[in-house]
Amino acid sequence: MEGIKEAFATCKAEGRRALVTYVTAGFPTAEATAGLMLAMEAGGADIIEIGLPFTDPIADGPTIQKANTVALENGMSVTAALKVVLDARKKGLKVPVLFMGYYNPVLIYGEQKFVKDSREAGVNGFIICDLPPEEAVKFRGFCNNEGLSYVPLIAPSTNPSRLRFLCNIADSFIYVVSRMGTTGASGTLNSGLGDLCKRVHEASGNIPIAVGFGVSTRDHFVSVGQFAEGVVIGSQVINVISQSKPEEINQKVKEYCQMIVGRDGKGSTTHEVGIVEAIEKAKGPVDASPTNVISDKDVEPGPGLMDQLSTLNANGEINPQWQSIPSRFGEFGGQYVPEPLMDCLAELERGFIEANNDPKFWEEFRSYYPYMGRPGQLHLAERLTEKCGGANIWLKREDLNHTGSHKINNAIGQILIAKRLGKTEIIAETGAGQHGVATATVCAKFGMKCTVYMGAEDVRRQALNVFRMKLLGAQVISVEAGSRTLRDAVNEALRSWVTNLSTTHYLIGSAIGPHPFPTIVRTFQSVIGNETKQQLMEKRGKLPDAVVACVGGGSNCSGMFYPFAKDLSVKMLGVEAGGDGLETTRHAATLAGGSKGVLHGVRTYILQDAEGQISNTHSVSAGLDYPGVGPELASWKDSNRAKFIAASDAEAFEGVRALSELEGIIPALESAHAIFGGMELAKKMKPGEDIVICLSGRGDKDVQSVAEELPNLGPKIGWDLRF
């Protein structure tokens, strides 16, 4: 911490701005990073950020994501990154070093151990992109104990009360995000940046500011330096590395840093006036230099985070009624997202609570039941029941809904919320394509622009749904990054949302993501369980003995289970995608085979390796091919309220075959997992007992996938459809 303070003090004494440079540990090679740090120092860097690579860096643009991917392929880990810093220190590196990264690898490494080992390696502080300060009480305590700094981030969207809170917990400097969006050398700066920096200085008592995101040129450095004590450059450093020959990398990076700070003899006395600078000059001079210095003797060491939490409720900006929705389900849930998303999530939560408490909203929602095909049908699967020889098997027919699945329930609900919030554009992610189709459908009906992100592998295997979305007027964006499946579509949707918050609503399709999304999705999907409860009571005069649903992220499962959560006589069975088997790495059974961690803004069960990197998944069903799960399902697992099992690809095909041949219903491959699990459960139960299976979607979209996989999976279950 002291090293960082001294760096800013030195720059102030010398009448210049601090250059903060970034490089991803392990890029372009693990061996190159220490040399690059020394080159940046030699070129004029005052502080160096070292990126801890992560598989799913949602706050970062394509340049740094690619660097992350390369670094992980090179075997970079938290342990290896610590060694890189230690090596650089041994070679003479003097400037302060911060680790910048995402929470999950730190969580898995062990927070206290990570901080202690970082200090011993020569690290001075941390920036954790997706760890909100309210969640960081323990972590900041560990930092204070070791004399290291925890650096908060402030974005253009940060509201006044939150800005004061973040300023009050800063101990060395504050990272100000220059613009909304992800990292990247954009060539443009936010014209309102000067006003934002002024507000931060006023709220913090002139603690130093370093501005990052989009800064890449000497002009940017000088312009931003008019009102900030430091300037952060990351993506352009990565670009310089990428464009240089291996033997020239260190020299090119050194020369780039020299050019930025004006030590190359070029442009050191003149520069092009940037737009931000011009606007600030037009307003009159702004003195961005500290007017006072508070030393350690003036304040107690280590600001108390719990004492500062009350600032979030300052000036009556938080309505007590809004706090009626818990952000967690036991230990699961939360909001582990980059700072630019926090205010938008608060806006969404307020909008949802106001709608949820408004009878007129629910009247409007129900007015679309005829359009949706509700109420849904519940009927006895007589031949399937006879085959299993145990409990009665009932089917809750969400496949008969408009668009062919349960997804329309949530799509209608969320687009009505978006309308109330004044949004004009909708973005969504999709795996199997059914949520994408439902979103495109409601956007067409309500006249909103629609963009759907879909993994390239899912685009291939769900081509019919891609065409349906385009017929409905949606733009479909194929995601080529990562595993090219649902997980990568979520990453890109989140990145797009943070860039266009004012006009756009992210219509998330599953019970995943940061609060309040899991609660919103479950609320709209609870129509499934509520209807089931009423309909079976009418048909049998009793509650079901068990309810069964497939589990990917958890939308149909939470919708079926939640209305029965307090009815302890009702067993709840979730069936995940077992892929090639839990004994292999090719599955997507998060609850059966995963561990606790943080992904896509939420603490839940995830599939990850020993370093906290997210594992690739496999399922024959695109909609279940996801390495996380909704936090409410995770809490039901840990409390033993629900049981979760895995059905393999071959067993899912058994479900397809049985329902098709015995009931004349071709199920979606996702639903087929639930069919198989329900059949196995029925066999163990008594005649006269009742099981309800949520048939979440119809199988039209999967016919081609079944045909392609049948030569491989068919022989395993004795199913041959060849002519």
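Trainee: In what order do the strands of the open sheet of 4 strands stand?
Mentor: This is a predicted model, in which local features need pLDDT of at least 70, side-chain atom pairs count only at pLDDT 80 or more, and totals for chains, interfaces and linings use all residues. Residues are numbered from 1 along each chain as its sequence is written, and side-chain values use heavy atoms, leaving out hydrogens and water. Strands (DSSP runs of E, at least two residues) and helices (runs of H or I, at least four) are numbered from the N terminus, and two strands pair if DSSP finds at least two bridges between them. The pairing in this open sheet is parallel, and the order is β16-β15-β14-β17.

Trainee: Which strands stand at the edges of that sheet, and why is one side of each left without a neighbour?
Mentor: An edge strand here has a single partner strand, so one side of it is left without a neighbour in the sheet. The strands in this position are β16 (475-479) and β17 (504-506).

Trainee: Which residue stands opposite Tyr-453?
Mentor: Strand β15 (residues 449-455) and β16 are joined by 5 bridges in the parallel sense. The residue of β16 that stands opposite Tyr-453 is Ile-477.

Trainee: At what angle does helix α20 run to β14?
Mentor: Helix α20 (residues 434-446) lies across both β14 (425-430) and β15. Angles run from 0 to 180 degrees between N-to-C directions, and axes are lines fitted to C-alpha atoms, for helices over the stretch in contact. The angle of α20 to β14 is about 165°.

Trainee: How do α19 and α24 stand to each other?
Mentor: Helix α19 (residues 407-420) packs against helix α24 (residues 517-525) at about 120°, with the axes 8 Å apart. That makes the pair oblique. The term covers what is left after roughly parallel (under 35 degrees), roughly antiparallel (over 145) and roughly perpendicular (65 to 115). The relation of α19 to α24 is therefore oblique.

Trainee: How many residues of the contact of α19 with α24 are charged?
Mentor: Contact means heavy atoms within 4.5 Å, and the α19 residues Lys-407, Asn-409, Asn-410, Gly-413, Gln-414 and Ile-417 meet Phe-517, Ile-520, Val-521, Phe-524 and Gln-525 in α24. Ala, Val, Leu, Ile, Met, Phe, Trp, Tyr, Cys and Pro count as nonpolar, Asp, Glu, Lys and Arg as charged, and the others, Gly among them, as polar. The contact has 5 nonpolar and 5 polar residues, and the number of charged ones is 1.

Trainee: How many residues of the contact of α29 with α31 are charged?
Mentor: The axes of helix α29 (residues 649-663) and helix α31 (residues 703-717) come within 9 Å and cross at roughly 100°, so the two helices are roughly perpendicular. Among the residues that meet are Asp-649, Glu-654 and Arg-657 in α29, and Glu-709 and Lys-716 in α31. This contact has 6 nonpolar and no polar residues, and its charged residues number 5.

Trainee: Is Gly-677 buried or exposed?
Mentor: Gly-677 lies in helix α30 (residues 669-684). Leaving aside neighbours within four places in sequence, Gly-677 is in contact with Leu-573, Val-575 and Ile-645. Buried means under 20% relative accessible area and exposed over 50%, with partly exposed in between (1.4 Å probe, protein chains only). The relative accessible area of Gly-677 is 2%, so the residue is buried.

Trainee: How many residues of strand β19 are buried?
Mentor: Strand β18 (residues 546-550) runs parallel to β19, and 5 bridges join them. In this pairing Ala-546 stands opposite Lys-571 in β19. Strand β19 (residues 571-579) is mostly covered, and of its 9 residues the number buried is 8.
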